[in-house]
Amino acid sequence: MLEKIDDLLTEVQNFQSSSKDEIEQFRIRFNGKKGIMTDFYDFLKQVPNDQKKVAGQKINTLKVAVNDKLEALKSASESTLILEKEDLTRPAFPLELGSRHPINLVKNKIIDIFKSIGFAVADGPEIEDDWHNFTALNLPEYHPARDMQDTFFIEQNPDVLLRTHTSSVQIRYMEENEPPMRILAPGRVFRNEAVSSRSHCIFHQIEGLYIDENVSFADLKQTIQFFTTELFGKSKIRMRPSYFPFTEPSAEVDVYWGLNSETDYRITKGTGWLEIMGCGMVDPAVLKNVNIDPDKFSGYAFGMGIERIVMLLYQMSDIRMFFENDIRMLEQFKPL
Ligand code: PHE
């Protein structure tokens, strides 16, 4: 009986087929209930004990060879199945290209414009302390101007809050660096305001700061004029007197948008002018708070809301769309 094993081993090793039926017949011949392997197992029971070990090993070699062969045939037929089903020359599914959020598109554009005239980008935390968001910016406790910005507090005494403006980055940057300095600080800001089509409790600002010797209001005006020309293609601006605790004098900047269309009338409320930012000369008290000598250095700062500018540039009418993550809106900003 055992002498048959060598021939069977050769037969098993040489067996090749891609036909399902032939493979199945091969399986039944060896591994079926009445197959060759069963015969060997029955035979093994009758082998005298002292020869069982050797016989068992031989039979086992055959068993392993049969099972290995069946495994190999099975995986080979599976891969030919895939090859038959799939057309491997077919082009791959296109990768979905993402797109930049319109806020980032406009933010990057604004950064590019200011970079071209020497501004660097600075960053600060969204969770702020009272010093950087208020006190150092010349807004002492109980100052009525704090009411201009409704604050989300995280903790009180000492106060930890969500920054209400990016002006806090001015303070952080001036504390850490020496003039001359020229920075832009883009980022999210938070105010406890009712959400409507025109305002949101989260929005984005870009802050600008320039400190050097002999910086004047004329520098501020020229810089802003350069900016509006680059961004909107409109160079006519006006500066209206305003108030911010951290700048003196302070101004609100309007761009002359024109009255050439129905939309122009609507977005400028019939005046032709659009307000785009707050600005002014950095108050000497602020410079003192960050240990910069106000007799030696002066500078300007400005701050603008990004959403408003995006809405203007892309003719969007509802600020809530920026935060809804609706693919149908975001897709429209896909790169070509
Ligand atoms: N921080 C001001 C605001 O949020 C804007 C501003 C920045 C004004 C810098 C003047 C200078 O309204």
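User: Which residue in β10 is the bridge partner of Met-281?

Analyst: This is a predicted model, so far as confidence goes: local features need pLDDT of at least 70, side-chain atom pairs count only at pLDDT 80 or more, and totals for chains, interfaces and linings use all residues. Residues are numbered from 1 along each chain as its sequence is written; side-chain values use heavy atoms, with hydrogens and water left out. β9 and β10 pair in the antiparallel sense over four bridges (pairing takes at least two DSSP bridges between two strands). In β10, Met-281 is partnered by Tyr-300.

User: What is the strand order of the open sheet of seven strands?

Analyst: Strands here are DSSP E runs of at least two residues, helices are H or I runs of at least four, and both are numbered from the N terminus. Pairing in this sheet is mixed. β1 (120-121) and β7 (237-244) each have a single partner strand, so one side of each is left without a neighbour in the sheet. The order is β1-β5-β6-β10-β9-β8-β7.

User: How many bridges join β6 to β10?

Analyst: The two strands run antiparallel. Gly-208 has Phe-302 of β10 as its bridge partner. The bridges between β6 and β10 number eight.

User: Which strands are the edge strands of the sheet of three, each pairing on one side only?

Analyst: This is an open sheet with antiparallel pairing, in the order β2-β4-β3. β2 and β4 (residues 160-162) pair over three bridges. Within that pairing, Ile-127 stands opposite Leu-162 in β4. The edge strands are β2 (127-129) and β3 (153-155).

User: How far is an oxygen atom of the ligand from an N or O atom in the side chain of Gln-205?

Analyst: The cut-off for a polar contact is 3.5 Å between N or O atoms; within protein, one must be able to donate a hydrogen and the other to accept it, and residues adjacent in sequence count only if both atoms are side-chain atoms. Ser-167 places a polar side-chain atom 2.9 Å from a ligand nitrogen. Arg-191 has one 2.9 Å from a ligand oxygen. For Gln-205, the distance to a ligand oxygen is 3.0 Å.

User: What percentage of the ligand's accessible area does the protein cover?

Analyst: Accessible area comes from the Shrake-Rupley method with a 1.4 Å probe; for residues, only the protein chains shown count as cover. On its own, the ligand has 330 Å². The protein covers 91%.

User: What is omega for the cis peptide bond that joins Glu-248 and Pro-249?

Analyst: Most peptide bonds are trans. The bond from Pro-179 to Pro-180 is cis, with omega near 5°, and Pro-180 is in the loop between α7 and β5 (181-190). Pro-249, by contrast, has its place in strand β8. Omega between Glu-248 and Pro-249 is about -5°.

User: What is the phi of Lys-269?

Analyst: Lys-269 lies in the loop between α9 (262-267) and β9. Most residues other than glycine have a negative phi. Lys-269 is not a glycine, yet its phi is positive, at about 50°.
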